[in-house]
Amino acid sequence: MSRDSSIRAAAYALTWTLVFTAFHIYWFCGGRFGFGDATQPLPKIESAGDAAFAIVVAAMFLVGIWLPAAIVTGRHPGLPSSLVVMCIGAGSVLLLLRGTAGLFDDALRETGLAAHGLTGLSDRQVTGDAHPTAYTLWSGVAMDAYFVLGGLLHGLLWLRLRTRAGARTGVPVSRR
């Protein structure tokens with residue numbers, strides 16, 4: 001794999017993360033686009049656990065921007081390459097799990113196979129409406145699909161970085 005393919009993959013992951021972060025800032029400021037007509041209030045920080053969760057998520061946003069940006073700009077983040085590869089891989093797995101679980105949860109609930117999906121939550125609990133509009137349902141699908149896209153883009157970057165690390169060290173990193 002060439003360095004160019006790693007930079008391109010990092011640019012894709014970085015772009016995805018910047019859009020993802022921008023939407024979260026917009027929602028934090030009260031924006032509702034992307035939720036359909038859902039009436040469910042946005043989560044608020046009401047406990048120490050909520051605050052800790054918010055701090056962990058904010059740190060993940062920062063790392064998710066910083067690592068691909070460092071790769072794109074060529075400014076080494078000062079971390080061992082194995083740690084960078086591990087962080088990108090972990091991010092990919094988390095995004096894929098979140099997105100596919102959300103899609104599966106919605107599919108179970110909306111097809112009637114499981115009225116409360118994977119999470120045990122009804123449509124009312126998820127959207128604030130027992131009979132959500134198609135706009136609201138498709139907004140949820142789009143959001144979950146965006147997580148899957150992020151997981152795939154970060155997975156592509158992980159593969160490029162692993163392949164480059166193996167080529168540099170002579171250690172085989174992929175089985176073909």
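Me: How many salt bridges does the structure hold?

Reply: This is a predicted model. A salt bridge needs a Lys or Arg side-chain nitrogen within 4 Å of an Asp or Glu carboxyl oxygen. The structure holds four of them.

Me: Which residues are linked in a network of salt bridges?

Reply: D105, D106, R109 and D123 are. Take the pairs with R109 in turn. D105 meets R109 at 2.7 Å, N to O. D106 and R109 have their closest N and O atoms 3.2 Å apart. D123 and R109 also meet, at 3.2 Å.

Me: Where do these partners lie along the chain?

Reply: D105 and R109 are both in helix α3, four residues apart, about one turn of the helix. D106 is in α3 too, three residues from R109. D123 lies in helix α4, so its pair with R109 ties together parts that are 14 residues apart in sequence.

Me: Is R109 buried or exposed?

Reply: Buried means under 20% relative accessible area. R109 has 7%, so it counts as buried. D123, at 15%, is buried. D106, at 18%, is buried as well. D105 is also buried.

Me: What does H154 contact?

Reply: H154 lies in helix α5. Its relative accessible area is 5%, so it is buried. Beyond its sequence neighbours within four places, H154 is in contact with A13, W16, T17, I88, S92 and L95. With T17 there is a side-chain polar contact of 3.4 Å.

Me: Which residues make up the largest nonpolar core?

Reply: It has 10 residues, including A13, I88 and L157. Helices α1, α2, α3 and α5 each give two or more residues to this core. A second, separate core of six residues includes W16 and F20.

Methods. Residues are numbered from 1 along each chain as its sequence is written. This is a predicted model: local features need pLDDT of at least 70, side-chain atom pairs count only at pLDDT 80 or more; totals for chains, interfaces and linings use all residues. Side-chain values use heavy atoms; hydrogens and water are left out. A nonpolar core is a set of buried Ala, Val, Leu, Ile, Met, Phe, Trp, Tyr and Cys residues joined through side-chain atoms within 4.5 Å. Buried means under 20% relative accessible area, exposed over 50%, partly exposed in between (1.4 Å probe, protein chains only). A polar contact is a pair of N or O atoms within 3.5 Å; within protein, one must be able to donate a hydrogen and the other to accept it, and residues adjacent in sequence count only if both atoms are side-chain atoms. Contact means heavy atoms within 4.5 Å.
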